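Subject: Structure handover

Dear colleague,

Please find the structure below, followed by notes on what was found in it.

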Amino acid sequence: MTRVRLSVAERRRELLRAAVEQIEARGVAAVRIADVASALGVSNALVLYHFSSKEKLVAAAFCYAAESDLGHLRRILGRRTSALRRLRAAVRWYAPTGQAKGWRLWIEGWAAALREPSLREVSRDLDRVWKAELTAVITEGAAAGEFHCADPASAAWRLTATLDGLAVQMTSYAGSLSRAVMLEWTEEALARELGLDRAALTRQSA
């Protein structure tokens, strides 16, 4: 079958999508350039033309996956509604029980970042963006009097740390906690950071 000729940008996106799929299936350590090439029916040389090493391909694949989620997060946080409603929607989406991302992919990335400087830099930068987006909306809501939060940046750090930790537990030890309990804990964490009880959080953001 004759392959459709793609532009450089389209080819890179195709390679990145395949790389994400292969990382999810095989893990960062095991995935090879050849796996990505084989999945698309192209040569190793073509993959290396666009990404000169496995390390650069993996780092770019994580950026690609994260940008999709960041775009969705920004759409949630940019809605024309209260900051509290936007925050609750974002946390419910980002939580391990939500639809934000393939948590197995990100756990793989965090582990690999301990050994790969390029991936560590990418992971750190993306994490800063997530925290900055949440910090901005928490700041907005506190200024508007929707809730009380004296240190929005610290609140964003604690929230993301809680959600990331729950995701590791849920992914590594599937079935150890129900989805209902996970969601309850994430909502309790959000309410605590905003100086609300959970009933008030639910009532005001409904």
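Helices (H or I, at least four residues) and strands (E, at least two) are taken as DSSP runs, numbered from the N terminus. On that basis, Ala 132 is found in helix 7.

The model is predicted: local features need pLDDT of at least 70, side-chain atom pairs count only at pLDDT 80 or more, and totals for chains, interfaces and linings use all residues. Residues are numbered from 1 along each chain as its sequence is written, and side-chain values use heavy atoms, with hydrogens and water left out.

Overall layout

The protein chain has 10 helices and zero strands, so the order of elements from the N terminus is α-α-α-α-α-α-α-α-α-α. Along the principal axes, its C-alpha atoms fill a box of roughly 60 × 35 × 35 Å. Buried means under 20% relative accessible area, exposed over 50%, and partly exposed in between (1.4 Å probe, protein chains only). Of the 206 residues, 43% count as buried. Contact means heavy atoms within 4.5 Å. Among contacts between residues at least 6 apart in sequence, 64% join residues at least 24 apart.

Core

A nonpolar core is a set of buried Ala, Val, Leu, Ile, Met, Phe, Trp, Tyr and Cys residues joined through side-chain atoms within 4.5 Å. The largest one has 60 residues, and the members that touch the most others are Ile 23, Leu 57, Phe 62, Ile 138, Phe 147 and Leu 194. Helix 4 (residues 54–77) gives the most to this core, with 12 residues. Leaving out residues up to four places away in sequence, Leu 194 touches Leu 84, Leu 87, Ile 138, Phe 147 and His 148.

Selected residues

Val 58 lies in helix 4 and counts as buried because its relative accessibility is 5%. Its contacts, not counting residues up to four places away in sequence, are Ile 23, Val 28, Val 31 and Leu 119. The C-alpha atoms of Val 58 and Leu 119 are separated by 7.5 Å, with the two residues 61 apart along the chain.

Ala 132, by contrast, counts as partly exposed, at 44% relative accessibility. Its C-alpha atom is separated by 12 Å from that of Leu 77, 55 residues apart along the chain.

His 50 lies in helix 3 (residues 44–50) and is buried, with a relative accessible area of 13%. Apart from neighbours within four places in sequence, His 50 is in contact with Val 8, Arg 11, Arg 12 and Leu 15.

Cysteines

A search of the whole structure finds zero disulfides, a disulfide being a pair of cysteine sulfur atoms within 2.5 Å. Cys 63 counts as partly exposed at 29% relative accessibility, while Cys 149 counts as buried at 11%.

Largest pocket

On a 1 Å grid over the protein atoms alone, a pocket is an open set of points where a 1.4 Å probe fits, with protein on both sides within 12 Å along at least five of seven lines; lining residues have an atom within 4 Å of a point. Grid points are joined across faces, edges and corners, and a volume is the space filled by probe spheres set on the points. The largest pocket has a volume of about 240 Å³. Its lining has 18 residues, of which Tyr 94, Trp 110, Ser 123, Asp 127 and Asp 164 are the closest to its centre. Helix 4, helix 6 (103–113), helix 7 (117–143) and helix 8 (152–172) each give two or more residues to the lining. The largest share, seven residues, comes from helix 7.

Regards
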